[in-house]
Amino acid sequence: MTKTDSLLAALQKGEEFTVAQIRSRFGGGNPHEVVRSLREKGFAIYLNERKNSKGEIVSKYRLGKPSRAMVQAAYAALGGAVFDSRAA
């Protein structure tokens, strides 16, 4: 299983990760590039800010559902064919 596959499986289970956590758990390399490749494959990976137990703001990646605005933007940019499973 690749680093990308492992990260996706963990995100699909509802886990959230900081950049440091992705590096630590899934190996070296560029976590931003792994996330970019998942987004390129159509996964809605969000980066959200959270406060940790020390009151510090940290950014964590999570898998979510695309917002209505994202779906509208995809439709506007690529047309209805992007939503047709027969076109894949």
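**View 1. The hairpin of strand 1 and strand 2, with G55 in its turn.** In this predicted model, the hairpin formed by strand 1 and strand 2 has five residues between the strands, and G55 there takes a positive phi near 85°. Helices (H or I, at least four residues) and strands (E, at least two) are DSSP runs, numbered from the N terminus. Strand 1 covers 45-51, while strand 2 spans residues 57-63. The two run antiparallel and are joined by seven bridges; strands pair if DSSP finds at least two bridges between them. Local features need pLDDT of at least 70 and side-chain atom pairs count only at pLDDT 80 or more, whereas totals for chains, interfaces and linings use all residues. Residues are numbered from 1 along each chain as its sequence is written, and side-chain values use heavy atoms, with hydrogens and water left out.

View 2. V58 counts as partly exposed because its relative accessibility is 23%; buried means under 20% relative accessible area, exposed over 50%, and partly exposed in between (1.4 Å probe, protein chains only). Not counting residues up to four places away in sequence, V58 touches N48, E49, R50 and N52, where contact means heavy atoms within 4.5 Å. From V58 to L47 the C-alpha to C-alpha separation is 9.9 Å, for residues 11 apart in sequence.

**View 3. T18 in the loop between two helices.** T18 is found between helix 1 (3-12) and helix 2 (19-26). Is T18 buried or exposed? T18 counts as buried, because its relative accessibility is 15%. Leaving aside neighbours within four places in sequence, T18 is in contact with S59 and K60.

**View 4. The buried face of helix 3.** Helix 3 (residues 31-40) has P31, V34, V35, S37 and L38 as its buried residues. Seen down the helix axis, these buried residues fall within an arc of 160°, so they line one face of helix 3; the arc is that of the directions from the helix axis to the C-beta atoms. What do the buried residues of helix 3 pack against? They pack against helix 1, helix 2, strand 1 and strand 2.

View 5. The largest pocket has a volume of about 310 Å³. On a 1 Å grid over the protein atoms alone, a pocket is an open set of points where a 1.4 Å probe fits, with protein on both sides within 12 Å along at least five of seven lines, and lining residues have an atom within 4 Å of a point. The volume is the space filled by probe spheres set on the points. Among the lining residues are R39, F43, Y46, M70 and A74. Helix 4 supplies the largest share of the lining, three residues. A74 sits in helix 4 (residues 68-78) and is partly exposed, with a relative accessible area of 25%. Leaving aside neighbours within four places in sequence, A74 is in contact with G79, V82 and F83.
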